[in-house]
Amino acid sequence: LNENQALKYLDIACVGTISDVVPLVDENRVIVKLGMLLLKQTKNLGLKQIINNAHFKEFNSMSVAFGITPRINACGRLGHQDEALELFTTDNQEKATELAKKMDEYNIQRQLEEKRIYDEAIALLQEETQTNCIVLGHENWNPGVIGIVSSRITEKFYKPSILVCFDKDIAKGSGRSIEGFDLHKALMECDKYLTNYGGHSLAAGLSLNTK
């Protein structure tokens, strides 16, 4: 893949760069600036259909972040990531329309899941005494959604938070932190209790055995 061939994928690279919430400086800024121009007239059937479904009032990076990104993320969070890939690679308009509609539905489902888990987490917080950090767990939480809820909990209380979902003998968690508290470093201090973990100072995932 040479430079000229790569340029035709700038629209998708632009969406990925914005969605990953990386600093828009240096090459990231170039990718987004040029990618947005291509995105407005994208030839990718799936991407074009998502844009049509999102009904943008304005066409900018915020439109991508709040109109396109959630629809793509919802697929992965609910276990339908293969359909997102198929959407971006199909050359069949009927298939693109069908898959984009599914992504709308998955996003609504994700929103409902997020609200349910958030409400349950807040209810648990009222029952328990939490100090410098918040750690909550439940059997009926979706592991693909708890990271979003953890972000909301951390934003609301300005404390590091970890939400854990229990599935038989395995617990999977996702956490978010605040400036000044390195969540990944904290997990490193507890690694003997964990089966796996990764991330960075402000966001991390983990798993552990419950027995």
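Is Leu 34 buried, exposed or partly exposed? I looked up its relative accessibility, and at 41% Leu 34 counts as partly exposed.

**Ground rules**

I am working with a predicted model, where local features need pLDDT of at least 70 and side-chain atom pairs count only at pLDDT 80 or more, while totals for chains, interfaces and linings use all residues. Residues are numbered from 1 along each chain as its sequence is written, and side-chain values use heavy atoms, with hydrogens and water left out.

**Entry: around Leu 34**

I found Leu 34 in helix α3, which covers residues 26-39. Helices (H or I, at least four residues) and strands (E, at least two) are DSSP runs, numbered from the N terminus. Leu 34 also belongs to a nonpolar surface patch of about 270 Å², together with Val 30 and Leu 37. I noted how patches are made: residues need over 30% relative accessible area and no salt bridge, like charges are joined within 9 Å, and nonpolar side chains (Val, Leu, Ile, Met, Phe, Trp, Tyr) within 5 Å. The areas come from the Shrake-Rupley method with a 1.4 Å probe, and for residues only the protein chains shown count as cover.

**Entry: the whole protein**

Next I stepped back. I listed 9 helices and 5 strands, and along the sequence they follow the pattern α-α-α-α-α-α-α-β-α-β-β-α-β-β. The C-alpha trace spans about 55 × 35 × 30 Å along its principal axes. Of the 211 residues, 39% are buried. The protein exposes about 12,800 Å², and carbon and sulfur atoms supply 52% of that area.

I also checked contacts, meaning heavy atoms within 4.5 Å. Among contacts with a separation of 6 or more, 54% are between residues 24 or more positions apart.

**Entry: Ser 207**

What does Ser 207 touch? Leaving out residues up to four places away in sequence, I wrote down Ala 171, Lys 172, Leu 194, Thr 195 and Asn 196. Ser 207 sits in strand β5, residues 203-209. With a relative accessible area of 13%, Ser 207 is buried. I also looked at Gly 79, which is 128 residues from Ser 207 along the chain; their C-alpha atoms are separated by 18 Å.

**Entry: salt bridges**

How many salt bridges does the structure hold? I got 9, where a salt bridge is a side-chain nitrogen of Lys or Arg within 4 Å of a carboxyl oxygen of Asp or Glu.

I started with Asp 104 and Arg 71, whose closest N and O atoms are 2.6 Å apart. Asp 104 lies in helix α7 (residues 93-127) and Arg 71 in helix α5 (residues 61-77), so this pair ties together parts that are 33 residues apart in sequence. Both Asp 104 and Arg 71 are buried.

Then I turned to Lys 102 and Glu 83, a salt bridge at 4.0 Å, N to O. Lys 102 is in helix α7 and Glu 83 in helix α6 (residues 81-89), so this pair ties together parts that are 19 residues apart in sequence. Lys 102 counts as partly exposed, because its relative accessibility is 27%.

Lys 115 and Asp 119 meet in a salt bridge at 2.8 Å, N to O. They are 4 residues apart in helix α7, so about one helical turn separates them. Lys 115 is partly exposed at 49% relative accessibility, and Asp 119 is partly exposed at 38%. I also traced a network: salt bridges that share partners join Glu 86, Lys 95 and Glu 98.

**Entry: positive phi**

Most residues other than glycine have a negative phi. With that in mind, I flagged His 55, where phi is near 50 degrees, a positive value. His 55 is in the loop between α4 (45-54) and α5, and at 65% relative accessible area His 55 is exposed.

I flagged Tyr 158 too, with a positive phi near 50 degrees. Tyr 158 is in the loop between α8 (146-157) and β2 (161-167). Tyr 158 is exposed, with a relative accessible area of 54%.

Conventions. Buried < 20%, exposed > 50% of the residue type's maximum accessible area, 1.4 Å probe, protein only.
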